[in-house]
Amino acid sequence: MAEDRQNDRRYPHNLQGVLQLAVDAGSAAEGPAPVQPMSEERKAWLTQALADVCKGQADEVAQMKQCLTVLCKDKMGEKEIDGEEERDDEDEDERETAFEVLSELCENLDNARDLMILGGLELSVSQYLCHPQSGLRWRAAQLIASCAQNMPQVQVHLLSIGALPKLLQLTDSDPHPTVRVKALYAVSCLIREQEEGLQAFLSQDGFSVLMRGMQSENEKLRTKSAFLLFNLLTSHPEQKDTVVSMGMAQQLVSVLRTPHSPFHEHVLGALCCLVEDCPQGLKDCREPSLGLEDLLRQRARELQGKEESQEELDFCERLRITCFRGQQSDESGMDR
């Protein structure tokens, strides 16, 4: 009995405590000893813990409603104050804090679903992705990303209310660099492992947005654009022909000629995708005017011996072998 009391006391009265209890009970069941009936003390603890979990969930919903009340005031204020272009700093800080609280709460999938039901996502898309204050635009995009991760129901809802075109537009042309980065993050959460999202992305010429992102001066945007392109080509090889027809291979080689940056690793990975099982991509990369073979040899020399660049070096060698070693063999055969 003393041991039972000691075990009960070490579990907190929240969802994590309930899960830990379940894990420990499962581990005990795997051992040779028979499973003992649950003590009355432990039953009482479990009942209270589950009640606390439910209460905690209700408290979080209440917090979300409070945040939405704060965010809705912006819409009301625009109607009430004619000609006012900017709200005072205190009001803006309050709304930014509301978005930050919502983003944190919506890391919990249940809360993300509840926010959708409460209309929070529609408010974010319709009012805040186009807000004049950049701090509110990027926080709205971040909230959308938090809710969309691994949540097909939320993803479909966001696609149905037109979130993707607005996010792509922000990624492509917003004057504030943080807005562009957060918007692309939200785009990624809407389209990865989501077929409907991918089709919407294609219909909005999303690959061109990624191409321009890799050519921007924003290092984070370049990195995220290249990573998303590489990920999409890896997950959806059927899109290679579409990307190659846009001249993506030539554009990626052009990006590799810019001053070296860690994001070039993803660019090389994307090029590897475009030349494997894609005859036109291979032909484009072999075009003598691109000078890709010399560029790859030079890059390999620069990366040699740098442990942190090993993966980039591997992509470099893989691309060179795929594009040019076979070509040299073909040419030798023709000479014979």
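Please keep in mind that the model is predicted.

Let me begin with the aromatic rings. Rings are paired if their centres lie within 6.5 Å, and by this rule the model holds three aromatic pairs. I shall describe two of these.

One of them joins Phe-201 and Phe-207. The ring centres are 5.3 Å apart and the planes meet at 80°, so the pair is edge-to-face, because an angle over 60 degrees falls in that class. Are these two residues buried or exposed? Phe-201 has a relative accessibility of 0%, and therefore counts as buried. Phe-207, with a relative accessible area of 3%, is buried as well. The cut-off for buried is under 20%.

Another pair is formed by Phe-230 and Phe-315. Their arrangement is also edge-to-face, with 5.5 Å from centre to centre and 85° between the planes. Where in the chain do Phe-230 and Phe-315 lie? Phe-230 belongs to helix α13, residues 219–235, while Phe-315 belongs to helix α19, residues 310–335. The two residues are 85 residues apart, and the pair thus links distant parts of the chain. Phe-230 and Phe-315 are both buried.

I turn now to a polar residue. Asn-111 is found in helix α5, which spans residues 109–118. Its relative accessibility is 0%, so Asn-111 is counted as buried. Which residue does the side chain of Asn-111 contact? The partner is Glu-60: a polar contact of 2.7 Å joins the two side chains.

Methods. Residues numbered from 1 in each chain as written. Predicted model: local features only at pLDDT ≥ 70, side-chain atom pairs only at ≥ 80, totals over all residues. Heavy atoms only, no water. Phe/Tyr/Trp six-rings, centres within 6.5 Å; stacked < 30°, edge-to-face > 60°. Buried < 20%, exposed > 50% of the residue type's maximum accessible area, 1.4 Å probe, protein only. Helix = DSSP H or I, 4+ residues; strand = E, 2+ residues; numbered from the N terminus. Polar contact = N/O pair within 3.5 Å; in protein donor to acceptor, adjacent residues only side chain to side chain.
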